[in-house]
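Here is a short walk through one protein chain, written to be read beside the model. Have the viewer open and follow along.

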Amino acid sequence: MVTTLLGASVLSITLLAGWTPFHEDVPAPVPQPGPGPTVPPKPSDPIPTPPQKPLPFTTSSSSSASPYLMADIPHHQEEAVSGTLMKLDLAEREGRLATDVGREVAFHIPKPELFVHLSVGQRVTVKLDNNQQAIGVMETTTPELPAPQPAK
């Protein structure tokens with residue numbers, strides 16, 4: 001019983017007084033105040049302004065001015081054209097496509113391997129860059145819709 005009483009008293013003193021190890025704790029560094037978001041600026045400090053960089057803006061006779069800011073137009077504009085192949089000459093790397101609206105589009109073929117499996121008279125969609133060079137070919141085009149039935 002004395003042992004139980006002695007153990008309970010040691011435990012209660014340890015819990016109430018706290019346990020202190022034999023080595024000393026290293027104190028945490030104290031933050032030093034300095035210029036930053038926590039320190040308000042002095043009235044004599046100048047007000048910071050963002051750097052002034054002019055926006056690139058060019059006008060040409062072919063473009064109209066817009067009241068909206070737009071990103072630069074990419075230099076490589078692409079156009080997809082669908083129709084029937086009228087001419088396909090892989091040796092000369094040239095081709096011609098007839099669209100559904102009756103327009104003929106001539107194009108250059110930088111990569112003949114894109115057109116190896118195609119033949120004249122086949123419906124295709126060709127992706128052209130701004131130099132009229134074929135950069136992509138798709139054999140399957142969207143199906144044509146039948147004409148609407150006349151209203152009765």
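Is Arg-103 buried, partly exposed or exposed? Arg-103 counts as partly exposed, because its relative accessibility is 43%. Please keep in mind that this is a predicted model.

## Arg-103 and its partner

Arg-103 forms a salt bridge with Glu-79, and the closest N and O atoms of the pair are 3.7 Å apart. Glu-79 belongs to strand S1 and Arg-103 to the loop between S2 and S3, so the bridge ties together parts that are 24 residues apart in sequence. Glu-79 has a relative accessible area of 35%, so Glu-79 is partly exposed as well.

## Other salt bridges

A search of the whole structure finds five salt bridges. One of them joins Glu-78 to Lys-127, with the closest N and O atoms 3.7 Å apart. This pair links distant parts of the chain: Glu-78 sits in the loop between helix H1 (2-17) and S1, while Lys-127 sits in strand S4, 49 residues apart. Glu-78 counts as partly exposed at 44% relative accessibility, and Lys-127 counts as partly exposed at 37%.

Asp-100 forms a salt bridge with Arg-123, where the closest N and O atoms are 3.1 Å apart. Since Asp-100 lies in the loop between S2 and S3 and Arg-123 in strand S4, the pair ties together parts that are 23 residues apart in sequence. With a relative accessible area of 54%, Asp-100 is exposed, whereas Arg-123 is partly exposed at 24%.

## A buried threonine

Now look at Thr-99, in the loop between strand S2 (94-98) and S3. Thr-99 counts as buried because its relative accessibility is 14%, and the cut-off for buried is under 20%. Leaving aside neighbours within four places in sequence, Thr-99 is in contact with Val-81, Ser-82, Gly-83 and Val-105. Val-81 and Val-105 also belong to the largest nonpolar core.

## The nonpolar core

Which residues make up the largest nonpolar core? There are twelve: Val-81, Leu-85, Leu-97, Val-105, Phe-107, Ile-109, Phe-115, Leu-118, Val-124, Val-126, Leu-128 and Ala-134. At least two core residues come from each of strand S1 (79-89), strand S3 (104-108) and strand S4 (123-128). S4 gives the largest share, three residues. In soluble globular proteins, nonpolar side chains tend to be buried together.

Apart from neighbours within four places in sequence, Ala-134 is in contact with Phe-107, His-108, Pro-110, Leu-114, Phe-115, Val-126, Lys-127 and Leu-128.

S4 pairs with strand S5 (residues 134-138) in the antiparallel sense, over four bridges. Lys-127, the salt-bridge partner of Glu-78, has Gly-136 as its bridge partner in S5. Five residues lie between the two strands of this hairpin, and Gln-132 takes a positive phi near 60° there.

## Helix H1

How many of the 16 residues of H1 are buried? The count is zero, and H1 is hardly covered. At 1.5 Å a residue, the helix should span 22 Å, which agrees with its end C-alpha atoms being 22 Å apart.

How values were computed:
Residues are numbered from 1 along each chain as its sequence is written. This is a predicted model: local features need pLDDT of at least 70, side-chain atom pairs count only at pLDDT 80 or more; totals for chains, interfaces and linings use all residues. Side-chain values use heavy atoms; hydrogens and water are left out. A nonpolar core is a set of buried Ala, Val, Leu, Ile, Met, Phe, Trp, Tyr and Cys residues joined through side-chain atoms within 4.5 Å. Buried means under 20% relative accessible area, exposed over 50%, partly exposed in between (1.4 Å probe, protein chains only). Contact means heavy atoms within 4.5 Å. A salt bridge is a side-chain nitrogen of Lys or Arg within 4 Å of a carboxyl oxygen of Asp or Glu. Two strands pair if DSSP finds at least two bridges between them. The expected span of a helix is 1.5 Å times one less than its number of residues.
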